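Please look through the model below with these notes beside you.

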Amino acid sequence: MTAVWGASAGPKPQAGRDAASGLFSAGGSIHKAMGSPNAPIVMEVFGDFQCPACRNFFETTVKQVIDDYVHTGKVYLVHRDFPLEMHPYAMQAARLANAAAATGEFEAMERALYDHQDEWSARGNIDGVISASFTPAQFKKFQAYQAQHLVEINTSIERDRMLGVQRNVNQTPTVFVTSHGKTEALPGGGVDYKLLKQYFDYLMRQ
Amino acid sequence: MATSTISAETSARPAAWPRALLLVGRVALGIVFLVAAYTKLHFNGAWHFSDYYFFFGMAINSYNLLPLWGVEWLGRILPWFEVALGVLLISGVALRWVGIAASLLLLAFIGGMTRAYYLGLEIMCGCFGNSEKLGPLTLLRDSSLLVLALAITIGAFLIKKRGKTLSN
């Protein structure tokens, strides 16, 4: 199955299951999801690109979830922006990620932001560090999109953040899992892959 | 002489307030354990009898203390152990031994929490559900509960000892 991150043409409400159920839509947020919307399990991650715990969760758990459950059509993975005020460059990183999502490159951008978090989070030289992970043409596209749609991007991030506030998110990463019509909040701060795998396998057996 | 007999009986009878205090203490601690168990079995607006151990196991695992098999085992049994402790404390059955068990359990909790706090782990306490961050307040609360459990244990031993002395 081909995993598709982001929308192909600009910000739009999340399609299919999201729009129909209203469960996963943040009401016009830029689409940052991966996998099949018809997957039996939906995993939403409220994250902050500058948060070390989010990077750890992404590197040790999310990457394996993508390989084992998203690519196999079992999990629909949704990213939600929840930039924390304590991280001065989190908003800037989220804007770049949203621009990448709107141009269909969210997966690569998320990997680049987390893989190189140490390099950009100290001084905030995000463009300088992250541009090395893309071709000059690709990165120019993100920058151009960001410049032209800054208001929409900021609105999208704020909608994600407000959704988190409504759901009592008070730390990152915070994960919600929806299956069989029920949404469950997992303990905040990230979850070990082996335990998450057991839980997903249990849900698949139900 | 009638007066001296009454006086001797009064001084030999143990005062009622230690028993009353012990009763209040053990019922209060019993309720705390039952509430702790309830929050592990009922959360996100529903009972989770069939899958509570996944969620509680995730909370235990965030302490980075136990291997996966230990996390799974503890995640399954701890809520029910707390139910048993709560019921036994409230009923007062085998109070000395239940007091020791409650004190040891709370001591283990505080040990794990102190270690996590010292290491700077930003995790949920997991004590009363999964919505409470580990911090000084959670440590202070559990330490207070440990003091209560120790007081109950010591009180139960003292009352038992006094009872034996009087019967002899």
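1. Start in chain B, at B:N64. This residue counts as partly exposed because it has 13 C-beta neighbours inside 10 Å. B:N64 sits in the loop between α3 (52–61) and α4 (68–91) of chain B. Its phi is positive, about 55°, although B:N64 is not a glycine. Keep in mind that this is a predicted model.

2. Now turn to A:N168. Its phi is also positive, near 65°, and A:N168 is not a glycine either. Find it in the loop between α8 and β4 of chain A.

3. The peptide bond from A:T172 to A:P173 is cis. Its omega is near -5°.

4. Step back to chain A as a whole. It has nine helices and five strands. Along the sequence they run α-β-β-α-β-α-α-α-α-α-α-β-β-α. Of the 206 residues in chain A, 49% are buried. Take the contacts in chain A between residues at least 6 apart in sequence: 75% of them join residues at least 24 apart.

5. Last, the two chains together. Here 15 residues of chain A are in contact with 15 residues of chain B. On the chain A side, β5 (182–185) and α9 (193–205) each give two or more residues. The most come from α9(A), which gives five. That side of chain A has eight nonpolar, four polar and three charged residues.

How values were computed:
Residues numbered from 1 in each chain as written. Chains lettered and ligands numbered in written order. Predicted model: local features only at pLDDT ≥ 70, side-chain atom pairs only at ≥ 80, totals over all residues. Helix = DSSP H or I, 4+ residues; strand = E, 2+ residues; numbered from the N terminus. Buried ≥ 20, exposed ≤ 12 C-beta atoms within 10 Å, placed from the backbone. Contact = placed C-beta atoms within 7 Å. Nonpolar A, V, L, I, M, F, W, Y, C, P; charged D, E, K, R; others polar.
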